Amino acid sequence: MCRIHGHFDADLSPHDMRAAGALQRHGGPDEARLAHGAGWALGSNRLAITDPAGGRQPYEGDDGRVKAVFNGEIYNHVELRAQLRARGHRFADRCDGAVLPALYQEHGRAFAERLDGMFAVALIDLRSEPTLVLATDDAGMKPIYYRWDGRRLHFASELPALLAMGRERPTLWEPGLDSYLATKTPFGEHTLVEGVQVLPPGTTAVCSRSRGLRLYRRPAPERPAVTGGEPGEQVREVLAEEVRRLTVADARVCAITSGGLDSSLVTALMADGAPSPGVHSFNIAYRGEWPHDERHFAREVAQRAGTVHHQVELDVARFPELLPAVAWHLGQPNADPITLSTYGLFEAVHQAGFKVALTGDAADEVFAGYGRIHAAVTTHGTWLPEYVDALAAIPAEARPRLYSVDYRAFVADRGSASDAITERLRQEAAHRSRLDVLTDFETQVRLPAYHLRRVDHLSMAHAVEVRLPFCQRSVRELARALPQHHRLSPEGGRGKVALYAAAHGLLPRSVLERPKQPFTLPITAMLAPGTPLWAYTREVLSPARLRTGGQLDPTAVERLLRAQQTRPADCLALATWSLLMFELWREEFAVRRAASRPAEARELLEVAS
């Protein structure tokens, strides 16, 4: 696991590159290296997980004319190394990324199709015309942010590093506020920074002087048929194998155990047959008495699995201190309050001496676990408005009332982000089943933007690599191939039917029978007068600071704050939190206001592309 950055044909000095790399050092504290030549540079910060004594980046091919930097893990590197050795290639060490130059030399831009793992790769090919190649894994676990102006390309693992390569303050992507409030973070390839995009999952980008930048979506693998045996047994078998593979590391590995089904099942499978002293598990809670405390569920799972359990308690008095750091590490706003908890949790994991953690993230998207999916699939008649609003930090009907006069007019003229998503899903649902449409949208569009970037940035903020069994291709494709009734229960409003069956006998009944509850921060109770978070929120969302941004109406935001103060409610608290995180991000990066301009027709669907 590392952080990578670089450029192609940009006017950047080695000093510029080192300065950008220093902003990602938290994610790769073990070694920083840079290679550069005429019109190109590749940089890396290494977190040594596989072969700590080797792994010097950039990796080089046999003749040194293909060089690669790499962020992630390649789980099939042993098999690939054996195949490449048989073709005459030699390797200086056993690090997983060492296979990349040879694999590219053998297969060209199709090299990434042969990788099993989570990865963001950058290669420079100097064998003829200099060519830069970027590639992301097909689940979107490892992001690459990039800026392309038609001639020059900059890229980085994190937005702060990418922004440091620019010569000016970042400018707000004008539709960004509405996009953010409609989906809790920008979906698709857009970021909230004008001109900065995210390479989509499963994509290879090729950049050269003669042909510019070209993006290629790699073909999806064939979906396996579900044959023989109970689906629950198949899911358990496949998931157990992936958990086993993902626990192999030359560093200490632990489990994150929220107390819900998904992370608890991963924890139990890790602990099954683990050598002494066994698996270490971590749970986050908050000092004091707060609603939705899950620590007792996590403790029951740990006791049953026999893990060495670590109960982390985050002090709510630290929230004003932590929030600016969270906003900076994220690089752009994410309205899920779990961001703060994620940051504090991985700080504790790092302090306990662990470099790798397995989590249960992505199970709800892969196995249709969300209530909004069940409601959308089982509702007769109109279902789209309710589903799309369930994605939002602030419902579509309420958002315009918070906007300034100018921004309200801009959104009305352009069309809201919710409208674009609604139209996209309506068109797709005309030809396919609702469950398939929503599963693809949740896994291919929402999951990478909303969950995976959050987990990546906030774990690597503390030099912890997160591995995600539910994002492994074998698990995703098996789940997608299951008949609908093995994903969604016809009665009872519950998804993940096959996953519950897989967990039977491994987890306590209390966990299997508990109502579904999101792993999040109890902000409705915490955003109350007299708490440190409330005082801090009032300060950040003060009228004077809001006027600087120009897109929010200070009077309307004040009404929202008074409503939360006098009659606290989950919807008001989430709306308040989302505006707090947006303003913190805008101030943290000194983001300039966008110049008003007419909407372009081609942009109408980009927010959900």
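Tyr146 stands opposite Gln197 in S10. The model is predicted. Work through each exercise with the structure in view.

**Exercise 1.** Which strands does S8 pair with, and over how many bridges?

*Solution.* 
- Step 1. Start with S10. Strand S8 covers residues 145-148, and pairs with S10 in the antiparallel sense over 3 bridges.
- Step 2. Check residue pairs. Tyr145 stands opposite Val198 in S10. Tyr146 faces Gln197 of S10.
- Step 3. Turn to strand S9, residues 153-156. S8 and S9 are also antiparallel, over 4 bridges. Here Arg147 has His154 in S9 as its bridge partner.
- Step 4. Look at the link. S8 and S9 form a hairpin, and 4 residues lie between them. Gly150 sits in that turn with a positive phi of about 95°.

**Exercise 2.** In what order do the 6 strands of the antiparallel sheet run, and which strands are at the edges?

*Solution.* 
- Step 1. Read across the sheet. The order is S2-S3-S1-S9-S8-S10, and the sheet is open.
- Step 2. Find the edges. Strand S2 (31-37) and strand S10 (196-198) each pair on one side only.
- Step 3. H16 lies across S1, S8 and S10, at about 110° to S1.

**Exercise 3.** Which strands are at the edges of the parallel sheet, and which helix packs on this sheet?

*Solution.* 
- Step 1. List the strands. There are 5, in the order S15-S14-S13-S16-S17, in an open sheet with parallel pairing.
- Step 2. Pick out the edges. They are strand S15 (308-314) and strand S17 (465-467).
- Step 3. From one strand to the next it averages 30°.
- Step 4. Examine one pair. Strand S13 (residues 253-256) and strand S14 (residues 280-286) pair over 3 bridges. Ile256 has Phe282 in S14 as its bridge partner.
- Step 5. Place the helix. Helix H7 (residues 261-271) packs on the sheet, touching S13, S14 and strand S16 (356-358). The direction of H7 makes about 150° with that of S13.

**Exercise 4.** At what angle do H9 and H21 pack, and which residues meet?

*Solution.* 
- Step 1. Take the geometry. Helix H9 (residues 319-330) and helix H21 (residues 532-540) pack at about 50°, with axes 9 Å apart.
- Step 2. Name the residues. Phe319, Pro320, Leu323 and Pro324 in H9 meet Pro532, Leu533 and Tyr536 in H21.
- Step 3. Sort them by class. The contact has 7 nonpolar, no polar and no charged residues.

**Exercise 5.** What lines the second largest pocket, and which helix gives the most?

*Solution.* 
- Step 1. State the volume. About 870 Å³ of space lies in this second largest pocket.
- Step 2. Count the lining. It has 37 residues; nearest the centre are Asp138, Pro201, Gly202, Gln444 and Arg476.
- Step 3. Find the contributing elements. Helix H16 (434-460) and helix H17 (473-481) are those that give two or more residues. H16 gives the most, with 9 residues.
- Step 4. Sort by class. The lining has 15 nonpolar, 8 polar and 14 charged residues.

Note on methods. Residues numbered from 1 in each chain as written. Predicted model: local features only at pLDDT ≥ 70, side-chain atom pairs only at ≥ 80, totals over all residues. Heavy atoms only, no water. 1 Å grid on protein atoms, 1.4 Å probe; cavity = no way out; pocket = protein on both sides within 12 Å on 5 of 7 lines; lining within 4 Å. Points joined across faces, edges and corners; volume = space filled by probe spheres on them. Nonpolar A, V, L, I, M, F, W, Y, C, P; charged D, E, K, R; others polar. Pairing = 2+ DSSP bridges. Contact = heavy atoms within 4.5 Å. Axes fitted to C-alpha atoms, helices over the stretch in contact; angles between N-to-C directions.
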